[in-house]
Amino acid sequence: ETSCDTEVLLSHLEQTKEKSTLDLNGMWAFGFYRDRDNQIFISRDRFGKKPLYYFSDENNLIISSEIKSIFHLTGKKRILNKDHLIFFLHTNYWNNEDKTTLYEGVYKVLPGEDITIDLESLSLKSHYENTLENYFSNNHNLDDLDKVISDAVKKRLIADVPIGLFLSG
């Protein structure tokens, strides 16, 4: 009904019984609350370009694109995750295959991960079928790489807002 991509995403998730993101192409991080199931569905793109974090305790469930908002909302003191920090100091690399973050109790949604959170039981069910490896193994081979990249660029030039281009490195 509008030209907004969020409306298309909402319609897709409403019509998809299993709440699948396999058909999506692009970068995203979002949360979707379905009141009839009393569930929250959160998802992060295959490359992990858009950040998505979560925190839960006996009183709170917070999902955010920034860690600082989690601490702002809870009022809790930040406690460093020493193992995560030591890993970074030894490797000069943030581990993108581990859910932990630099802070205790705050977790990241991994690239290509979809999580369903049941609000009745506060249980999390994680799905990793939307990984980059699965996307290429199921849809493309290396002979098509030039076409895949060209198609990806064309799709990203479609927008309902002005487009900007930034180069770095």
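View 1. Glu14 has 34% relative accessibility and counts as partly exposed (buried is under 20% relative accessible area, exposed over 50%, partly exposed in between, with a 1.4 Å probe and protein chains only). This is a predicted model, in which local features need pLDDT of at least 70 and side-chain atom pairs count only at pLDDT 80 or more, while totals for chains, interfaces and linings use all residues. Residues are numbered from 1 along each chain as its sequence is written, and side-chain values use heavy atoms, with hydrogens and water left out. Glu14 forms a salt bridge with Arg36, with 3.4 Å between the closest N and O atoms (a side-chain nitrogen of Lys or Arg within 4 Å of a carboxyl oxygen of Asp or Glu). The pair links distant parts of the chain, 22 residues apart: Glu14 is in helix 1 (residues 5–15) and Arg36 in the loop between strand 1 (29–34) and strand 2 (39–44). Helices (H or I, at least four residues) and strands (E, at least two) are DSSP runs, numbered from the N terminus. Arg36 is exposed, at 57%.

**View 2. The salt bridge of Asp57 with Lys76.** The closest N and O atoms of this pair are 3.2 Å apart. Asp57 lies in the loop between strand 3 (53–56) and strand 4 (61–64), and Lys76 in the loop between helix 2 (67–74) and helix 3 (82–91), 19 residues apart. Asp57 is buried at 17% relative accessibility, whereas Lys76 is partly exposed at 39%.

**View 3. The salt bridge of Asp37 with Arg34.** Here the closest N and O atoms are 3.7 Å apart. Arg34 is buried, at 5%; Asp37 is partly exposed, at 32%.
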